[in-house]
Amino acid sequence: MPPPSTPDQLFARLDALGIGHRTYRHPPVFTVAEAVALRGVLPGGHCKSLFLKDKKGGLWLAVVLEERRVDLKRLADALGAPRFSFGNPELLYEILGVRPGSVTPFALINDAGRRVTVILDKAMLGHDPLNY
């Protein structure tokens, strides 16, 4: 398995695709409250990413606005998916190349096998910019 992409490799890929970005570095955060306390005043919508595994081994990344409560049973039912649980740290690193507290949709650059199904919160479209 190749090593995870570096931030500079990700930024180069975004640049090559013509996708604008601005980076604010911070330590890993494990709760929305930690993220809120850490960021201070930063404009835009703020998002959280949940790495999920279904009971049949399917992998999912739910990216939602940070204030959205996510009921895993209701989400699975709405998607017609088997029951969800959180993916373990080892699987997270194996597939997305990141550790707990650092989950981001940008880590999908490391999912070479395209094993992860991405779920995006439509409400994110009402915010500019979006912070992941």
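**Entry 1: N131**

I looked up which residues touch N131, leaving out its neighbours within four places in sequence, and found L42, P43, G44, G45, H46 and C47. The model I am reading is a predicted one. N131 sits in strand β5, which runs over residues 130–131. Is N131 buried or exposed? Its relative accessibility is 14%, and buried means under 20%, so I noted N131 as buried.

**Entry 2: helix α3**

Next I went to helix α3, residues 72–79, and listed its buried residues: L72, L75 and A76. Why do they lie on the same side of α3? They cover an arc of only 95° around the axis, so they share that side.

On the face turned away from the buried side of α3 I found the exposed residues K73, R74, D77 and A78. I then checked what the buried residues of α3 pack against, and wrote down β1, β2, β3 (84–86) and β4.

I also looked at both ends of α3. At its start, a side-chain oxygen of D71 comes to within 3.0 Å of the backbone nitrogen of K73. Just after α3, G80 has a positive phi of about 65°.

**Entry 3: helix α4**

I repeated the search for helix α4, residues 89–96. Its buried residues are L91, L92, I95 and L96. These are on the same side of α4, because they cover an arc of only 105° around the axis. Which strands do they pack against? I found β1 (45–54), β2 (59–65) and β4 (116–120).

At the start of α4, a side-chain oxygen of N88 is within 3.1 Å of the backbone nitrogen of E90. G97 follows α4, and its phi is positive, near 70°.

**Entry 4: nonpolar cores**

I then looked up the largest nonpolar core, which has 14 residues. Which of them touch the most other members? They are F51, L59, L61, I95, L96 and V116. β1, β2 and α4 are the elements that give two or more residues to this core.

Leaving aside neighbours within four places in sequence, L59 is in contact with F51, L52, K53, L91, I95, R115, V116 and T117. Apart from this core I noted another, of 10 residues, including L50, W60, A76 and I119. A76 was already in my list of buried residues of α3.

How values were computed
Residues are numbered from 1 along each chain as its sequence is written. This is a predicted model: local features need pLDDT of at least 70, side-chain atom pairs count only at pLDDT 80 or more; totals for chains, interfaces and linings use all residues. Side-chain values use heavy atoms; hydrogens and water are left out. Helices (H or I, at least four residues) and strands (E, at least two) are DSSP runs, numbered from the N terminus. Buried means under 20% relative accessible area, exposed over 50%, partly exposed in between (1.4 Å probe, protein chains only). Contact means heavy atoms within 4.5 Å. The arc is that of the directions from the helix axis to the C-beta atoms. A polar contact is a pair of N or O atoms within 3.5 Å; within protein, one must be able to donate a hydrogen and the other to accept it, and residues adjacent in sequence count only if both atoms are side-chain atoms. A nonpolar core is a set of buried Ala, Val, Leu, Ile, Met, Phe, Trp, Tyr and Cys residues joined through side-chain atoms within 4.5 Å.
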